[in-house]
Amino acid sequence: MSRRDPSSHAAAGISGAAIADAALAVIRTDGVDGVTMRAVAERLHVRAPSLYHHVHNKSELLDLVARNAFDQFTADTTAYEELTTVDEWIELTRSGSLELRAFYADHPGLAGLIQSKAAPDRDQGAGSRAALIRAQIEALVRIGLPESDARHLFEVTARWSLAAVVSDPPEDLFAAGLDLFLYGVRARLLELLS
């Protein structure tokens, strides 16, 4: 019986989630540009070839990060499940956008990476990101919007927020722009519901 190299993926016990967490730790200190197979492997205390069982190259590594980044962002999906008014949706979206901006500020370049990977069906599947997106869309439907309008409004709001974060304005300027944007979103919501 041959012994496995202790740096192999099986012996090291690494998983896709562990790789994504290690890549996010690299992003936190070195930005998205600092993510390399070697840097992530060093965080996991393995050799870079051990990662190839889960990701074949840097592009796949960044895809994994984009899919799993929200697992470290804690958002209260139950708050969306309990809301009943447009103003409650606006306030939750405002506070969530401010929290998300802070999360992205701690992970330089992550907002741009996620924006480049954004797809209309990202509420499908498992994970905290999909659950949060579903909760936001379902809340709009409960308020009275047809699902297609709810999805469109969510998509516009999410993409505006990401684009604003990517432009990296000072926190007060981001908050002021968010308030103006949500003023328009609120007006549109009320128009659609009337």
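A helix here is a DSSP run of H or I with at least four residues, numbered from the N terminus. The model is predicted.

**Stop 1: helix H9.** Select residues 147-166. This is helix H9, with 20 residues. From its first C-alpha to its last H9 reaches 28 Å, close to the 28 Å expected at 1.5 Å a residue. Now colour the buried positions of H9: Ala150, Leu153, Phe154, Glu155, Thr157, Ala158, Ser161, Leu162, Ala164 and Val165.

**Stop 2: Ser161.** Select Ser161, which is found in H9. Is Ser161 buried or exposed? Its relative accessible area is 8%, and buried means under 20%, so Ser161 is buried. Next, show what surrounds the residue. With neighbours within four places in sequence left aside, Ser161 is in contact with Ser97 and Phe174.

**Stop 3: helix H6.** The crossing of H6 past H9 is right-handed. Which residues make the contact? On H6, select Trp89, Thr93, Ser97, Arg101 and Tyr104. On H9, select Leu153, Thr157, Ser161, Leu162 and Val165. Coloured by class, the contact of H6 with H9 shows 5 nonpolar, 4 polar and 1 charged residues. Ser97 and Ser161, already seen in contact at the previous stop, belong to this set.

Notes:
Residues are numbered from 1 along each chain as its sequence is written. This is a predicted model: local features need pLDDT of at least 70, side-chain atom pairs count only at pLDDT 80 or more; totals for chains, interfaces and linings use all residues. Side-chain values use heavy atoms; hydrogens and water are left out. Helices (H or I, at least four residues) and strands (E, at least two) are DSSP runs, numbered from the N terminus. The expected span of a helix is 1.5 Å times one less than its number of residues. Buried means under 20% relative accessible area, exposed over 50%, partly exposed in between (1.4 Å probe, protein chains only). Contact means heavy atoms within 4.5 Å. A crossing is left-handed if the near helix is turned anticlockwise from the far one by less than a right angle, and right-handed if clockwise. Ala, Val, Leu, Ile, Met, Phe, Trp, Tyr, Cys and Pro count as nonpolar, Asp, Glu, Lys and Arg as charged, and the others, Gly among them, as polar.
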